[in-house]
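Reader: Please present the structure, and then let us discuss its charged side chains and its helices.

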Amino acid sequence: MQTIVVDNASNDGSVELIRRQFADCQLVVNQRNLGFGRANNRVLDLAQGRYVLLLNSDAFVSPDTLDKTVAYMDAHPRCGILGVKLVGRDGVLQPSARYFPTPWNLFLARSGLSRLFTHVRMVDDMTWDHASVRQCDWVPGCYYLIRKELLHQVGLFDPRYFLYYEEVDHCLAAKRAGWEVVFYPHTTVIHVGGESARSEGEITAGGRQLEALQIESELLYFRKNHGVAGVSMHVLLTTLADAIIALKRLLKRQSPARFGVYARHCAIVWSLFGRTRCGMRPTR
């Protein structure tokens, strides 16, 4: 097994600790935070194995995880990308096998109208049996096992994504190339969540997302994979969702101060829509 550690400009002594205690690791030190996808892209050529495992700094594997997941990949040559069952540090199941986002399903999720459209596949559907192997649209990048042959064919991550959506876009490219994306439930990875983003600014109330970066990545993703019409529809539906939520709060006579949250979100969406030139280019 080959271990490569990429340090994205940490300031907590990680580099010194790794050099002192883990001299057998290949250490790549970035002088600035390149983002998740770009940092992984930088060291891809160093990986020599038949598989590449991307493992986040906030993900902790079970003792059997590597053996089981590699064995599954060996036995299923059309499986190009594999993810596992993810739980929080409290043991609660996290979304581990997800559907592709669309302007419509994101609108339904944000507005709260998904209960009226039960036939629509939402990005995070937690109602199915998580005890069986199944193909899915995409798996989260915190434990992301990739066949090297797939990387030779479609590459790794689009460098325009600084954080969020890079694995969504990558899984879509893999499936378009004929590969399977698989959820493997017979081992568990504890995923703390949010640790990789803490150096980039204030984490939102949900504790996991950096709002502006997530919005920007959504715009880049929809423009790339759904065109001008898709990204424009996403912006319009996001605006409508914010208006619907604000109206609900108004009817419930909640504090007017809370309306600023939705106005701010809407303003960020429109600002980034312009700054990214309708989702064509990143801002950083």
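Author: This is a predicted model.

Reader: With which residue does Asp158 form a salt bridge?

Author: Side chains of opposite charge can pair when their charged atoms come close. For Asp158, the closest N and O atoms of the pair are 2.9 Å apart, and the cut-off is 4 Å.

Reader: Which residues are linked with Asp158 and Arg160 in a network of salt bridges?

Author: Lys224 forms a salt bridge with Asp169, with 2.8 Å between the closest N and O atoms. Lys224 lies in helix α7 and Asp169 in helix α6, so this pair ties together parts that are 55 residues apart in sequence. Asp169 counts as buried at 5% relative accessibility, whereas Lys224 is partly exposed at 39%. The network links Asp158 and Arg160 with Asp169 and Lys224.

Reader: How many residues apart in sequence are the parts that Glu211 and Arg264 tie together?

Author: The side chains of Glu211 and Arg264 meet in a salt bridge at 2.4 Å, N to O. Glu211 lies in helix α7 and Arg264 in helix α8, so the parts tied together are apart in sequence by 53 residues.

Reader: What arc do the buried residues of helix α3 cover around the axis?

Author: The buried residues of α3 are Thr65, Thr69, Tyr72 and Met73. They are on the same side of α3 because they cover an arc of only 100°.

Terms used: Residues numbered from 1 in each chain as written. Predicted model: local features only at pLDDT ≥ 70, side-chain atom pairs only at ≥ 80, totals over all residues. Heavy atoms only, no water. Buried < 20%, exposed > 50% of the residue type's maximum accessible area, 1.4 Å probe, protein only. Helix = DSSP H or I, 4+ residues; strand = E, 2+ residues; numbered from the N terminus. Arc of directions from axis to C-beta.
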